Amino acid sequence: MNDSEAKKRRPVGGLLALSGGLLLCVGTFLDWATVSGGGQRVTARGVDASLGYTTLAAGLVALGVGIVMTRWGTPPELVGTLSALAIFAGVVGCGIGVYEALMTQDGILDAAAKRLAPSFGSTERARALLDQAVDAGRIGFSVGVGVYIVIAGGVVALAGGIAGLRGLGAGRAAVTGTLSATPPPPPPPAGTEHGDVPPARSPYGSDSQADVGAT
C-alpha cells in the first residue's frame, strides 16, 4: 500500500468516528427502557441516568475526533492520538449500551423494590413480589431503541479508530519501503581506496617530459 492509499483511510476513519459519535449522542436522548403495568406506561431516557451523560460525553469525543480526522492536513503523529480517542469512546459507549441492555431491568426493579420496601416490610420481599408480577405478565419491561442506537454508535466509532490506526501504520510502512528502496551511493573511482590519489597529469600532455629531455 502506498502513501496515498494510506491517506485515504484517514478520512474513512474520521467519517466512521463522526457517524459513531452522532449515533451515541442521538441514542442518549432516546428511550432506554419502558415499564408498563396497571394501565400505566413509564419510559426512561438515557439522560435520565448518570450513565447517559457518560455515553453523551463519549459521543462528543467521537464527534470531535471525526471532525479533525476528516481534514487532509492532519499530521500523522496526531492521527494516532485521535484514533486512540475514537477507540476509547467507542468501547465506553458500546460497553454501557450492552450493560444497559442486559441489566436495566434489574436496576429498575431494584430501585422500585427500595421504594416499596416500607409497604412490604423489606426490600427483599418487595423485589420478590415484583419478580412474580413480571413473570405473571402484570408488569411489562422492554429495552428502548436508544440503547441499541448507542451500541451501534460505539461499534462504528470503534471501527473508525481502528481504521485510522491501520491507515497510519500503512503510511509508515510506505515511507519505510521507500527509504529501503533508495539505491546506495555509487562506489568511489578506482585507485582512490586507502587514501590513494591518482597521479597528476602534465598540462603539456603525455609527451612533454620526453620533449624536454630531448632539448
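# Getting to know this predicted model

Q: Hi! Before we start, what kind of model is this?

A: Welcome! This is a predicted model.

Q: How far apart are the end C-alpha atoms of α3, and what should its 45 residues span?

A: The end C-alpha atoms are 62 Å apart. At 1.5 Å a residue, the 45 residues of α3 should span 66 Å, so the two values agree.

Q: Let's switch to the strands. How many form the sheet, and in what order?

A: There are 3 strands in an open sheet, and the order is β2-β1-β3. Their pairing is antiparallel. β2 and β3 are the edge strands, each pairing on one side only.

Q: By what angle are neighbouring strands turned against each other?

A: On average, neighbouring strands of this sheet are turned by 15° against each other, direction ignored.

Q: What holds strands of a sheet together in general?

A: Strands of a sheet pair through backbone hydrogen bonds, and they can do that in a parallel or an antiparallel way.

Q: Back to this one: how many bridges join β1 to β2?

A: Strand β1 (residues 31-37) and strand β2 (residues 40-45) are joined by 6 bridges and run antiparallel. In this pair, G37 stands opposite Q40 in β2.

Q: What sits between those two strands?

A: The hairpin of β1 and β2 has 2 residues between the strands. G38 in this hairpin takes a positive phi near 65°.

Q: And how do β1 and β3 pair?

A: β1 and strand β3 (residues 139-143) pair over 5 bridges, in the antiparallel sense. S36 stands opposite G140 in β3, while the bridge partner of G37 in β3 is I139.

Q: Which helix packs on the sheet?

A: That would be α3, which touches β1 and β3. The direction of α3 makes about 25° with that of β1.

Q: Now the inside. Which residues make up the largest nonpolar core?

A: The largest nonpolar core has 11 residues in all: L24, W32, A58, A62, A89, C94, I96, V147, V150, I151 and A157. Elements giving two or more residues to this core are α2 (50-69), α3 (76-120) and α5 (145-180). α5 gives the most, with 4 residues.

Q: Which residues does A89 touch, leaving out those up to four places away in sequence?

A: With those left out, A89 touches L24, A58, V61 and A62. Another core, of 5 residues, lies apart from the largest one, and A17, M69, L82 and A86 are among its members.

Q: How far is A49 from T28?

A: A49 and T28 are 21 residues apart in sequence and 9.8 Å apart in space, C-alpha to C-alpha.

Conventions: Residues numbered from 1 in each chain as written. Predicted model: local features only at pLDDT ≥ 70, side-chain atom pairs only at ≥ 80, totals over all residues. Heavy atoms only, no water. Core = buried A, V, L, I, M, F, W, Y, C linked by side-chain atoms within 4.5 Å. Buried < 20%, exposed > 50% of the residue type's maximum accessible area, 1.4 Å probe, protein only. Contact = heavy atoms within 4.5 Å. Expected span 1.5 Å × (residues − 1). Pairing = 2+ DSSP bridges. Axes fitted to C-alpha atoms, helices over the stretch in contact; angles between N-to-C directions.
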